[in-house]
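The turns below ask why particular terms apply to it.

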Amino acid sequence: MSNDRNWREKELSLSEVIRKYPDVSPFVIIKTDVQRRGVFYTEKALAAVDPDVHLTKLRSDYSNKEDLTPVSLTMRDGTSINVGDEGSGEAHGDRDPYQVDVVDGKIVLVDEGNVIEEVSYWEKPDYYEKVTSRGTPMWHVVSPRPQRLCIHPHQQCDFWKTPGYGCKFCTMSAVYHAGNKPELLNTQDIVETVAEALKEPGRNVNIFLTGGTLRGGENFLDEELDCYIDILAGITGLFGGKRFPSQLISTAFSREQLRRLHDSTGLASYTADLEVLNKSLFEWICPGKAATIGYEEWKNRLYEAVEIFGRGNVDTGIVAGVELAQPNGFQTEEEALESTLSEADEISSHGVGVVGCVWKVHPGSIFRKQTSPSLEYYVRLATGLDQIRRKYNLSIDMDNYRRCGNHPDTDLSRI
Amino acid sequence: MSVILSEEIRRALADPGTVRAVATVEKDGDPHIAFKQSLRLRGDGNLEYDEGIETSQTNKNLVYSIWFGKTVSISLVTPDRRSYNIVGRPLRVLIAGREFRTHYTAAREERGDIDLAAVWVIEPVAACEQSFDKRRLEEEAAHPLLQHLDRLTVTGQ
């Protein structure tokens, strides 16, 4: 439960934010707040889970769960709510989580006794209980979202192996050390699992790869690049060698590495996450990325990616809200918004989309004692990012509401 | 509040020869009409149709409608030229999951190599017959003063 019992008195409530921003989708506002605060499942909500139908167990870069809580939720308008891979009903930080309950036969979100909106549980894909020819459970290899196959070949991050280099909001290393996951997945297992998953009609619209940094190789990051090319080459074969709807989030590759990635695989879009749009905060929050590549060079590499993958096929993600982490973050939400949107505008002017994830303050991260911003902040930020993409006529098909499902700003781009 | 559709409207929906149009409103207020021949009655009394194109104006407008509580207008014209109007409220959109898969598979079996972006479920909140002969009689009964006089004279009859 909440660490700060008075948190509701310090910020606008959900209903107040919805009333204050009548042009912003209430569904997206609700989703944002649920992601910000987390959920708790009542006994009735858990009784509504059918493990044969619903997605409960999950192994990914940030998850290793086998309990019977749902992995996550979908709203009536098709919006995904990513309540966090932990799925165990933990609050994200200081605020009380929403309840997921069953009222009048419907699964609903509840806050302070009020029914907020109907939701449904994510469903399990057909491949989930199968095993690869090597005997590996396929659910250990590819993690599903409602319409996306997620592959996390490196489930640890090399930056966490150097003291002081890990990103301060990140739990990847904590999850890795808490469980029994292999550090690297087997490529044959991955390609077999993807091939099996693609047999299911009408489910998947995107294949997504990401994982922890691999620093090694002849040139810095060649090991990471080779890992992804190896996997993507196998998957590309499933599509007859053609380019296919896909996204890679990697450490920012050099121009030569990007060219090799593009030309030797069917990868359609590319992302390298800046995480926070401010040089000094990047250096504080992402010290490994800052020391090895640097903020300005990271941006340059994104711009070079646009030359190779094309406008609308490159974006960068931010962990929205970490810019307000203390003691080095912005002192006010107004200041943070102005700075972040200004930098997002500059980056977007080069053809790189900027998408925001709602920062979930996780217990396993260095930032575990921080407090995420107000709901109003997230609504204004999402609206601003959406408007910037419209200003530059930047398509966000590569990262739209059907794919990650963790970006309120791309949800807003649906209309 | 949903309404139960009349037997006549149910028959119209069941007739493959019936033309079905869905009128929606864009976020800027501009109206948009599209013909959706897949519009059908669900077992739960709601309507549904297959949306084949993610970025179609109708699909965008239905997202706008469900977000902001707007209604849509559905017109049916039967082969014998009877017409009906249904006002509906977008209830949910299926874009993934077992129910969506059933529709996806059925649509592809029926129409070949097409994609299916969504299945929209629309709750009827009002419905009426709009056939001209029926409406004309209703109009003359309810508004007898709203007629051209030449029609009412002895020579005009």
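**Strands, sheets and contacts**

Q: What makes β1 (residues 19–25) and β5 of chain B a pair, and in which sense do they run?
A: Strands are DSSP runs of E of at least two residues, numbered from the N terminus, as helices are (H or I, at least four residues). Two strands pair if DSSP finds at least two bridges between them. β1(B) and β5(B) have 5 bridges, so they count as paired, in the antiparallel sense. Val22(B) stands opposite Ile74(B) in β5(B). This is a predicted model, in which local features need pLDDT of at least 70 and side-chain atom pairs count only at pLDDT 80 or more, while totals for chains, interfaces and linings use all residues. Residues are numbered from 1 along each chain as its sequence is written, and chains are lettered from A and ligands numbered from 1 in the order in which they are written.

Q: How do you know that β5(B) and β6(B) pair?
A: They share 6 bridges, in the antiparallel sense. Val72(B) stands opposite Gly88(B) in β6(B). The two strands form a hairpin with 5 residues between them, and Arg81(B) in the turn has a positive phi of about 70 degrees.

Q: Why are β9 (142–145) and β15 (353–358) of chain A said to stand at the edges?
A: The open sheet has 7 strands with mixed pairing, in the order β9-β10-β11-β12-β13-β14-β15 (chain A). β9(A) and β15(A) each have a single partner strand, so one side of each is left without a neighbour in the sheet.

Q: What makes β10 (residues 148–151) and β11 (residues 206–210) of chain A partners?
A: They are joined by 4 bridges and run parallel. Cys150(A) stands opposite Phe208(A) in β11(A).

Q: How do you know which residues of chain B touch chain A, and how many are there?
A: Residues are in contact if their C-beta atoms, placed from the backbone, lie within 7 Å. On that basis 18 residues of chain B are in contact with 15 residues of chain A. The elements of chain B that give two or more residues to this side are α2 (57–68), β6 (83–94) and α3 (98–111).

Q: What makes a residue on that side of chain B nonpolar, polar or charged, and how many fall in each class?
A: Ala, Val, Leu, Ile, Met, Phe, Trp, Tyr, Cys and Pro count as nonpolar, Asp, Glu, Lys and Arg as charged, and the others, Gly among them, as polar. The side of chain B that touches chain A therefore divides into 11 nonpolar, 2 polar and 5 charged residues.

Conventions: Contact = placed C-beta atoms within 7 Å.
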